[in-house]
Amino acid sequence: MYKFFKEQLDSKIENHNLRTLREYCPLDAVRVKRDNKEYLMMASNNYLGLTFDTRVIEGAIKGTQQYGTGSGGSRLVSGTFPLFTELERSLAKFKNTEKALVFNTGYMANVGTISAVADKNTIIFSDALNHASIIDGCRLSKASIKAYNHCDVEELKFILKQADRSARKLIVTDGVFSMDGDIAPLDKLYKLSREYNALLMVDDAHATGTIGNGHGTAAYFGLEKEVDIQLGTLSKSLGSVGGYVAANSTIIDYLVNTSRSFIFSTALSPADIGAALAALHVLESDVSVLQRLHENVNYMADQLISMGIDATNESPIFPILIGRNEDTLAVSDYLYEAGIIGTAIRPPTVPIGESRIRLTVTAAHNKEQIDYVCQSLQNAMKQL
């Protein structure tokens, strides 16, 4: 009965593509412990280092003390805690939109939003390197999906020209792409969306807290009031868990009534909401946090470039392209032995032949740690 599954796993082993779980005990925002050995975490999306920030921890504690450990049900059935309302109002203000709606994860926000706003009568234009949650949302919507080459505005324009002008249209893109770290040309996508009467949606999961003075991709391009749907997560820069959508009141009210991943999910715990709200306040009020992140991003980019590795300071994500799965695993294992967590990213997360080490730097790292990582990476790549 299990022969098929065993064969699939054996195939992954043969292709150096098997995933396994490793258990770590976090010591702080950038250090973890396993088997009495300490490791430097270079694979986290905790960009602002807020998971151990005392202000964020206090927010989680206060939420629990006031509202208990769990929500007890979906928000449409059991009601909405005032803490949810406060967070959504703060997110709407933060994103310069009329309203916001919190989901349980960024994945559920993408799936629930796209499958609600698009249907079989819609054409979706999606960047070829969009996150899996965007891809799955497109599939669930049953819309006609037109993928365009990564950040290729000219190809997108050509595809839009061929489309039925009377059809409903949605252009959707990541803001900062999770595996490449580059920024979508949102200004050009916006112009095309207006020219061809399409909704424009941007996923700011990796852009919130990192670009646009921390406010994301729309803010980076000065388009906060123009982009139709801004989606993000509470689980990366904001150090908690959950996702959100920020848009005008019509779209948010529509999602409350039609988004299945919102309607049929038990609400997040008060601790999650309290932590996210506190982190949002830190991001808005403490400029030193974002400043430290940008300093570290610039420093790491400079170090990698000096080693002959292509790098930019666009975002905290540094893809170290290796190519073959086995070579990528070898580099990852070398880093691991050196006390560094640098995860091997392989297909289907990235295209075949483009396996890589995805390094991320945070506001909590220091220059000595970055130096050690870069030197260890250089040593690892010499072994190939």
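The side chains of Asp286 and Arg55 meet in a salt bridge, with a distance of 3.1 Å from N to O. Asp286 belongs to the loop between helix 12 and helix 13 (287-306), while Arg55 belongs to helix 2 (residues 54-67), so this pair ties together parts that are 231 residues apart in sequence. The structure shown here is a predicted model, and the count of salt bridges in it comes to 17.

Helix packing is the next topic. Two packed helices are described by the angle between their axes and the distance between the axes. The table sets out these values for two helix pairs.

| Helix pair | Angle between axes | Distance between axes |
|---|---|---|
| Helix 4 (residues 82-95) and helix 12 (residues 270-285) | about 30° | 10 Å |
| Helix 5 (residues 106-117) and helix 10 (residues 249-258) | about 100° | 10 Å |

How are helix 5 and helix 10 oriented to each other, parallel or perpendicular? With an angle of about 100° between them, helix 5 and helix 10 are therefore roughly perpendicular to each other. Their contact is made by Gly112, Thr113, Ala116 and Val117 on the side of helix 5, and by Tyr254, Leu255 and Thr258 on the side of helix 10. Sorted by class, this contact of helix 5 with helix 10 has 4 nonpolar and 3 polar residues, and no charged residues.

For the other pair, helix 4 and helix 12 pack at an angle of about 30°, and that makes helix 4 roughly parallel to helix 12. Helix 4 passes helix 12 in a left-handed crossing. Among the residues that make this contact are Leu83, Phe84, Leu87 and Phe94 of helix 4, together with Ile273, Leu277, Leu280 and Glu284 of helix 12. By class, the contact of helix 4 with helix 12 has 11 nonpolar, 3 polar and 2 charged residues.

The structure also holds an open sheet of 4 strands, which has the order 1-2-3-12 and mixed pairing. Strand 1 (25-26) and strand 12 (340-341) stand at the edges, each with a single partner strand, so one side of each is left without a neighbour in the sheet. Strands of a sheet pair through backbone hydrogen bonds, either parallel or antiparallel. Strand 1 and strand 2 (residues 31-34) run antiparallel and are joined by 2 bridges. Which residue of strand 2 is the bridge partner of Pro26? That partner is Val32.

Technical notes
Residues numbered from 1 in each chain as written. Predicted model: local features only at pLDDT ≥ 70, side-chain atom pairs only at ≥ 80, totals over all residues. Heavy atoms only, no water. Pairing = 2+ DSSP bridges. Axes fitted to C-alpha atoms, helices over the stretch in contact; angles between N-to-C directions. Parallel < 35°, antiparallel > 145°, perpendicular 65-115°, else oblique. Left-handed = near helix turned anticlockwise from the far one by under 90°. Contact = heavy atoms within 4.5 Å. Nonpolar A, V, L, I, M, F, W, Y, C, P; charged D, E, K, R; others polar. Salt bridge = Lys/Arg side-chain N within 4 Å of Asp/Glu carboxyl O.
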